[in-house]
Structure formats: structure tokens, C-alpha cells
Amino acid sequence: MKRKSQNASHLWDFSSGVDLGGEVSSYRQMQNIYTQGEPAETLFYIQKGGVRLSTRRNNRPAAVTAILGAGDFFGELCLADYPLRMSTAVTMTASSIRTIKKEKMLQLIRTKNKTLRCLVSHLLCNIKNYRDHVADLLTSSAEQRLAHVLLRLARLGKNGRTGVKMPHLTDAVLAEMVGTTRSRINAFMNRFRKQGFISYGERVEVHASLRKALGSR
């Protein structure tokens, strides 16, 4: 699954997001923001917390297509006149999210070159991350996909910090993100713990050594 990464967020700096206008709302963990198929008239900017996007096709189980964090936009397809939501958005943690009307964002794009450049950079990063996500699905084992998910949730890059706590997620949610069963997720997590890649406390702590589970990838 793609991660609209920290690196992508650093391509622009909207600070508190005030310049974007709109209203900031607080969401609790695992709260629905919008559902696939609903009218799309706004986009969103995450100021704090995390969100996952999932897409359902042909009555199959929903596939998680993005993990987002502070500094990321989502719902931006409305700017391209897509009338309906193409995914379902749910918070992973307690979050503060700014809602911006489509018309307001289009006005900013027309009048402020900085906003236009930042949004274009964001969209280009989305394309790259989506291609990486597809490559992961095609070439990675379920265990490797879980490692990718944990590293992204803990915001660990190639040279990331160790001992970063990830949001509390059940094996069922992780199974949905990875595309496997809860029992296999449980087995992989136990294996990662025995290998010292993760630690259990009040929450799971992910260590940079988990990258070893990716092999040469």
C-alpha cells in the first residue's frame, strides 16, 4: 500500500494550514471521514494524526491503498471534477483534519503560485507512491508487505530512528492492509518480535532493523 510519505510532506510547508482556509475538525481513532461513492465536494489536509484510504471493487474485500500522515492531502480528486469519492477514508489515530471546499482550493490555485506548485508536487508524489505500491503487491510476500506497513505506520525511513511506537491497530485491520488473514498476521508479528524487529508494550514499537525482513528490497 502506498504511503504518502513524510518526504512528500516536506515538498511544501503550509505550517498550521490556516492559509488553506476551511475548518478544522477533531476525529477519534477509527472514525469514518467519508465513504466510497459519496459526493465529492471537499478535500482534506491532515494537521495531526493519521488516515488510511481503502477502495472496494467488484464486491471484493476493500484494499487499503494509502496510509497518510500530518502534512498530507486527500480527497483531492474532486479538483479534477470526479463527482464521487473513489475510496473510503478512516482515521488510524485521533486526528485533526482541515476540510477545504473545492471552490476555495481552486481559487487558491488560480491566485497563488506557491499553492499550485505545492499541490502539483503532492500529486506527482502520489503517482510515484501508487506505482511503488503496485510493485509491492506484485513482487512482495505477505510477510514483506506487513513489514512495509509497519515501517510506514511508524514513519521509519531507510535510515529511520529506532523504537518508534505505531498507532494501535488490531490484527484484523493489519490483515486488511496487507491482504492476508489474521492468523498469518499474528504469526508474522510473533516472528518479528522474536527476531527483535518489534517490541510489545502498551503499543507495538517498530525498530529500524525491521527493514531486514525486506531482504534486498
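In what follows, a salt bridge is a side-chain nitrogen of Lys or Arg within 4 Å of a carboxyl oxygen of Asp or Glu. Please note that this is a predicted model: local features need pLDDT of at least 70, side-chain atom pairs count only at pLDDT 80 or more, and totals for chains, interfaces and linings use all residues. Residues are numbered from 1 along each chain as its sequence is written, and side-chain values use heavy atoms, with hydrogens and water left out.

I begin with the salt bridges. How many does a search of the whole structure find? The search returns 3 salt bridges.

One of them pairs Arg 52 with Glu 176, with 3.3 Å between the closest N and O atoms. Arg 52 belongs to strand β5 (residues 50-55) and Glu 176 to helix α5 (residues 171-178), so this pair ties together parts that are 124 residues apart in sequence. Helices (H or I, at least four residues) and strands (E, at least two) are DSSP runs, numbered from the N terminus. Is Arg 52 buried or exposed? Arg 52 is buried, because its relative accessible area is 7%, whereas Glu 176 is partly exposed at 31%. The cut-offs are under 20% relative accessible area for buried and over 50% for exposed, with partly exposed in between (1.4 Å probe, protein chains only).

Another salt bridge joins Lys 102 to Asp 81, the closest N and O atoms being 2.7 Å apart. This pair links distant parts of the chain: Lys 102 is in helix α2 (residues 102-111) and Asp 81 in the loop between β7 and β8 (88-91), 21 residues apart. Lys 102 counts as buried at 17% relative accessibility, while Asp 81, with a relative accessible area of 56%, is exposed.

There is also a salt bridge between the side chains of Glu 143 and Arg 191 (3.0 Å, N to O). Here helix α4 (residues 142-153) supplies Glu 143 and helix α6 (residues 182-194) supplies Arg 191; the two residues are 48 apart. Arg 191 counts as partly exposed, at 38% relative accessibility.

I turn now to the sheet. An open sheet of 4 strands runs in the order β2-β9-β4-β7, with antiparallel pairing. Which strands stand at its edges? They are β2 (23-27) and β7 (73-74); each has a single partner strand, so one side of each is left without a neighbour in the sheet. For pairing, DSSP must find at least two bridges between two strands.

Strand β4 (residues 42-48) is joined to strand β9 (residues 95-101) by 6 bridges, antiparallel, and Lys 48 has Ser 96 in β9 as its bridge partner. The antiparallel pair β4 and β7 has 2 bridges, and Phe 44 stands opposite Phe 74 in β7. Strand β4 is largely enclosed by the rest of the structure, because 5 of its 7 residues are buried.

Finally, the surface. Patches are made of residues with over 30% relative accessible area and no salt bridge, like charges being joined within 9 Å and nonpolar side chains (Val, Leu, Ile, Met, Phe, Trp, Tyr) within 5 Å. Accessible areas come from the Shrake-Rupley method with a 1.4 Å probe, and for residues only the protein chains shown count as cover.

A nonpolar patch of about 350 Å² consists of Leu 116, Val 120, Leu 124 and Ile 127. Leu 116, in helix α3, is partly exposed with a relative accessible area of 36%. Lys 104, Lys 112, Lys 114 and Arg 117 form a positive patch. Lys and Arg count as positive and Asp and Glu as negative, with His and the chain ends not counted; a charge is placed at NZ of Lys, CZ of Arg, CG of Asp or CD of Glu. Arg 117 lies in helix α3 (residues 113-139) and, at 54% relative accessibility, counts as exposed.
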